[in-house]
Amino acid sequence: MNLVTGATGIVGMPIVVKLLQRGQTVRALHRSFSHRQRVLDAVRQACPEGLDRLTWCEGDVTDQASLEDALDGVHTVYHCAALVSFHPADATAMTRINAEGTAHLVNAMLHCETPRLVHVSSVAALGRKAGEPTTEDTLFEEQPGTTAYARSKHRAEMEVWRGTAEGLEGGLVVVNPTVVLGPGDFSRSSGALFRHIDQGLKWHPTGSNGFVASEDVAEVCVRLGTSDVRDQRFVLCGDQWPYQKVMNHIADALGKPHPSRPVYPWMRGLIWRVFALAEWVTGKRAVATRESIGNTGANHIYDGSRVVEVMGEVGPAWNYTPLEQAIEETTAAYRAQSGN
């Protein structure tokens, strides 16, 4: 039996599908208001016979008792539940969900003697050194521009590594994805970019970042989670593109004009202040915040090659989905969901 937290999310949903395609049994943790229908639709399309092996369990990572109920009979946990936000109002919630929620899960697993954990972290939980690619060995450190999200994910990683020291006998796999693109909630996180471009976004950052398809993150989690790999972490980065190139490809896929106005470094402070003022006046949450645009002028470099080698050792040769394909597939999902 496998437990997937965050089962309705951008990574949790394809993990559920891939586990069922492998003949596994899945228990999906959900909150009362979760959008379970998207998961059920994905399973019906990809693996209809797997519906009989999928069960739902209502619970929350902030409630350890509900986690212990969900862990009954479980061997492997795929921990995808997290809050991704760069809004200052969400800092406390990210600590509660990402850091403390992961601590609750680890404690529940130790209490229930659940042996194995696959933890979906983020490259935000790793460090950055100027001029050098971030790898699995780049340690987190506080720097100018470190976000509340990064702190919460780093603390979450400390909790899962604590679990290995305290008795997770089946071992731990940690994945650190770059920006994940894939079907999901297009009102938040990377999904909101498709909605903003569809609505005519004209501005683009001047920096670059790493990107990876949600299907790739799920494939890595499932293949390594069902292997003998233990107590290792893996950076996941399929392509490194300028933001403008990514946004132009999304615009092309949507049939919209390219965002053509660059956000230069000197403009960022003015932009987030204008949005903050608009939020204060209207009560509507700002599209951009100090944290969300603070690092978008930098060129972030990541080395995601180690996982390619290890994936080939535990199964057939594997490589990342081209980013162009990931954008096309995500756009198709956005169109289907929005009716455009």
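Trainee: How do H6 and H12 lie to each other, roughly perpendicular or roughly parallel?
Mentor: H6 and H12 are roughly perpendicular to each other, a label for angles of 65 to 115 degrees; under 35 is roughly parallel, over 145 roughly antiparallel and the rest oblique. Helix H6 covers residues 191–198, and its angle with H12 is about 70°.

Trainee: And how far apart are the axes of H6 and H12?
Mentor: They are 11 Å apart. An axis is a line fitted to C-alpha atoms, for helices over the stretch in contact, and the angle, from 0 to 180 degrees, is between N-to-C directions.

Trainee: Before I go on, how should I read this model and its numbering?
Mentor: This is a predicted model, where local features need pLDDT of at least 70 and side-chain atom pairs need 80 or more, while totals for chains, interfaces and linings use all residues. Residues are numbered from 1 along each chain, and side-chain values use heavy atoms, without hydrogens and water.

Trainee: Thanks! Which residues of H6 and H12 meet?
Mentor: From H6 there are Phe194, Arg195 and Asp198, and from H12 there are Ile327, Thr330, Thr331 and Tyr334. Contact here means heavy atoms within 4.5 Å.

Trainee: What about H6 and H8, how do they cross?
Mentor: Helix H8 spans residues 243–254, and its axis comes within 10 Å of that of H6, crossing at roughly 60°. H6 and H8 are therefore oblique to each other.

Trainee: Which residues of H6 and H8 touch?
Mentor: On the H6 side, Leu193, Phe194, Ile197 and Asp198 take part. H8 answers with Met247, Ile250, Ala251 and Leu254. Phe194 and Asp198 of H6 also meet H12.

Trainee: Let me jump to H1. At what angle does it pack with H7?
Mentor: H1 (residues 12–21) packs with H7 (residues 214–225) at an angle of about 50°, and their axes are 8 Å apart. That makes H1 oblique to H7.

Trainee: Who makes that contact in H1 and in H7?
Mentor: H1 brings Pro14, Ile15, Lys18 and Leu19. From H7 come Ser214, Glu215, Ala218, Glu219, Cys221 and Val222.

Trainee: New topic: how many cavities of 30 Å³ or more are found in the whole structure?
Mentor: The search finds one. The largest cavity has a volume of about 30 Å³. On a 1 Å grid over the protein atoms alone, a cavity is a set of points where a 1.4 Å probe fits but cannot get out, and lining residues have an atom within 4 Å of a point. The volume is the space filled by probe spheres set on the points, joined across faces, edges and corners.

Trainee: So what lines the largest cavity?
Mentor: Its lining is Phe211, Val212, Ala213, Asp216, Gly238, Asp239, Thr321, Leu323 and Ala326. Strand E9 (208–213) and H12 are the elements that give two or more residues to it. Helices (H or I, at least four residues) and strands (E, at least two) are DSSP runs, numbered from the N terminus.

Trainee: Which element gives the largest share of that lining?
Mentor: That is E9, with three residues.

Conventions: 1 Å grid on protein atoms, 1.4 Å probe; cavity = no way out; pocket = protein on both sides within 12 Å on 5 of 7 lines; lining within 4 Å.
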